[in-house]
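Have the structure open as you read.

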Amino acid sequence: TPRVFSGIQPTGNLHLGNYLGALKRFVDWQARDAETIYCMVDLHAITVWQDPADLQKSTRELCAGFIAAGLDPENSILINQSQVPEHAQLAWVFNCVARMGWMQRMTQFKDKAGKNAQNASLGLFAYPALMAADILVYHATHVPVGEDQKQHLELTRDIATKFNHDYGVDFFPITEPVIEGAGTRVMSLRDGSKKMSKSDVSDASRINLTDDADTIAKKIRKAKTDPDALPSEVAGLSDRAEAKNLVNIFAALNNQSVEEVLADVGGKQFSEFKPMLAELAVAKMSPITTEMARLMEHQDEIDKILARGAERARAITAPILRQTYDIIGMVPPV
Ligand code: AQP
């Protein structure tokens, strides 16, 4: 059976891109014959400054989001990264396997560090080695992520390959990224060339998982578009980034292909399509929002779920870390 691992950073502003590109697909995997492990990656979050109180709140809120979106803590293993110390321990080993040059090529580092890369944290630079450890400390075989994580997953494969080669073992699996469906790259509602992102200063650029129905409808009504009617063929969406984005969102929310959506809405003006999309988005999102808010009133329950998840996770990660240490020559404690 496939072992599926993925994570989301508890950095607040969980949005529709995180939902369609990650959360919703996590839930789909849970329904299949697979072992599923999902992580709130707080150690990744602190690669850029996080206010401690906000980080705590966002971690619990993310856990509530996981459950509200349909993840069952009895079925999937839900964990907070810092509660499973083997992630960070294996990451150190991978820091010694990965090469500086590999890290320097990572576009996310370049984007996030900006012009003043000398001032970025060492953790931000090493981010993909920790991500490789998150995945490989479970010997995970499948990693559902959005398009933006493709390069990091290639690096995970490079690290596994180099480790296996350097130590002459066949120990870490070469993991498959799973990047499929219409929701793997949701773009900003204000600019079709930028991905929808937690850190965008414009709140109107994204639909947050905490937005109420009116806010969702308003943001969709105000989303940037062009003046033309919708095409009936997919080819008609090329060069129309904003139109393409809204159709993609509709398809992903409604579990349809883009072709199927266009067969229904081709020829319609945005004045007609946007209310349809708003209605669909509210119908799909508001039950999640409501459930998230309810769960947030039971923090102790959330904390128990995380503690239980960590215990289940460590039954997998502790032996894999020990085997790794044995391979590289660390003397085991007696
Ligand atoms: N716009 C998106 N479309 C589809 N999938 C997306 N993901 C993120 N943005 C989109 C996917 O969500 C998962 C968790 O993301 P994350 O929180 O770990 O990473 P992130 O890239 O930091 O999220 P943001 O919103 O883009 O934050 P900032 O603004 O800090 O850069 C991943 O599977 C990711 O692919």
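## Helices α10 and α11

Helix α10 (residues 241-253) packs against helix α11 (residues 258-265) at an angle of about 110°, and their axes are 9 Å apart. Axes here are lines fitted to C-alpha atoms, for helices over the stretch in contact, with angles running from 0 to 180 degrees between N-to-C directions. Helices are DSSP runs (H or I, at least four residues), numbered from the N terminus. Because angles of 65 to 115 degrees count as roughly perpendicular, α10 and α11 are roughly perpendicular to each other.

Which residues in α10 meet α11? Val 247, Asn 248, Phe 250 and Ala 251 do, and their partners in α11 are Val 258, Val 261 and Leu 262. Contact means that C-beta atoms, placed from the backbone, lie within 7 Å. By class, this contact of α10 with α11 has six nonpolar, one polar and no charged residues. Ala, Val, Leu, Ile, Met, Phe, Trp, Tyr, Cys and Pro count as nonpolar, Asp, Glu, Lys and Arg as charged, and the others, Gly among them, as polar.

## About the model

This is a predicted model, where local features need pLDDT of at least 70, side-chain atom pairs count only at pLDDT 80 or more, and totals for chains, interfaces and linings use all residues. Residues are numbered from 1 along each chain as its sequence is written.

## Around the ligand

The ligand is surrounded by 19 residues (C-beta atom, placed from the backbone, within 6 Å). The closest are Gly 17, Gly 21, Gly 146, Ser 197 and Ser 199. Helix α1 (residues 16-30) gives the largest share of this shell, four residues. By class, the shell has five nonpolar, 10 polar and four charged residues.

Methods. Helices (H or I, at least four residues) and strands (E, at least two) are DSSP runs, numbered from the N terminus. Angles under 35 degrees count as roughly parallel, over 145 as roughly antiparallel, 65 to 115 as roughly perpendicular and the rest as oblique. Two residues are in contact if their C-beta atoms, placed from the backbone, lie within 7 Å.
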